[in-house]
Amino acid sequence: MSSIFSFFRRRAETPGEELSAELTSPEERTPTMIRTPMPNSAPDLDQVISDILSELSKYLPPPEPPLPDPSVSVVRVTERTVGLGNRRGNETRGSFPVVVLKGGRLDAVIRFQLWANELGAVDNAMDELHGHLLAARDELWAAGFLSVAAEETSLAEHISNLNAWRKTSDYRVLYEFRYQDTEGAESLIARIPIAIDSEYGESTIVTDEMIRWDNEAAPVLVVRGRFSVWRLSALAFVTGTAPSGAITLMRTFDGAVGPPANYPTLTDFLAAVAGPDAPERHGQLTFSSLSDFLAAFSTADDPVTLGDWDKDGMPDSYEPSVLGLEPAIQLQGKADRLELTYQGDAFDQVAVVYLQVTQR
């Protein structure tokens, strides 16, 4: 039997795929296809198939005992790729682009099986199923079905030992699932040491607006104008007791004379050093500990796993958070700088914190 209906919203198609005819709609939406969080691995395909059947079973008519229950099953399935190496892009945690977005597709033939006591009833039930699936194209798209096409519907068959009528319909579906992956990354790149090939044995270290603090080193994060700093981002792994050293956030400039002015709260600090008409160019705010410092941040996004820094045999979970600076701290020129300093050469406990300045 020829296709009764089909729908497909065009996205980045995998080369070589034969898809059903396009049916446009007033609103194109990106499907939301993750059933459960899968932060660092692809889902098992048997789970993906289970998701497909679970979603489509919602459109089955209710059971009518003593007839067999209506059912949906997989007739055949082929795995397809998404993009290059199943990569769809990157996603940030706070301001850190640490998560790789991936996905996959299953090209499957799905069979619906319906039952009724009379011939006309089973035909009507199948017609209603076709109508429900067509009307649910937006919901199916949002659930991950890029294409749904009715391919073949059987003639009603009388099952004599049950004194019942059975009818089946096969649908070709293209289903996309999505997941996240850190691709086994142990850490983020915060410093790049470079050895200069010369007779003097020179070397340098390349950094940007991000720094890593841990129990081996805690270098100062220094950024210079000309730009405005409107957010600090942190990605923190702290297990057990938090490091105890104080942390200082200072806005200053080259040639500043004397110690910086101290401010008791973040609000007071920003009132003095931030904004276009800041009265203070040489001021600082001190947090008594890392815990006190991170308490000023707000949670941003889900945790991400990176490496096993504490060597306990389990992936480390990093919590992303952000600290908005409102108004922004404006660094007017190269002489103006913002410094974030940990009181000590390294953490006194096993921990890792990445810190990044967001500018505009």
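The model is a predicted one. Its chain carries five helices and 20 strands, and 44% of the 360 residues are buried. Contacts reach well along the sequence: of those between residues at least 6 apart, 75% join residues at least 24 apart.

Turning to charged pairs, the whole structure holds 15 salt bridges. One of them pairs Arg105 with Glu176, with 2.8 Å between the closest N and O atoms. Arg105 sits in strand E4 (residues 96-116) and Glu176 in strand E7 (residues 164-181), so this bridge ties together parts that are 71 residues apart in sequence. Both partners, Arg105 and Glu176, are buried.

Strands E4 and E7 are linked again by Asp107 and Arg172, which lie 65 residues apart. Here the closest N and O atoms of the salt bridge are 2.5 Å apart. Asp107 is buried, at 9% relative accessible area, whereas Arg172, at 26%, counts as partly exposed.

Strand E7 also pairs up with a helix. Lys167 in that strand and Asp123 in helix H2 (residues 119-135) are 44 residues apart in sequence, so their pairing ties together separate parts of the chain. The closest N and O atoms in this salt bridge are 2.6 Å apart. Lys167 counts as buried at 11% relative accessibility, while Asp123 is partly exposed at 24%. Finally, shared partners join the salt bridges of Arg80, Asp107, Glu151 and Arg172 into one network.

Notes
Residues are numbered from 1 along each chain as its sequence is written. This is a predicted model: local features need pLDDT of at least 70, side-chain atom pairs count only at pLDDT 80 or more; totals for chains, interfaces and linings use all residues. Side-chain values use heavy atoms; hydrogens and water are left out. Helices (H or I, at least four residues) and strands (E, at least two) are DSSP runs, numbered from the N terminus. Buried means under 20% relative accessible area, exposed over 50%, partly exposed in between (1.4 Å probe, protein chains only). Contact means heavy atoms within 4.5 Å. A salt bridge is a side-chain nitrogen of Lys or Arg within 4 Å of a carboxyl oxygen of Asp or Glu.
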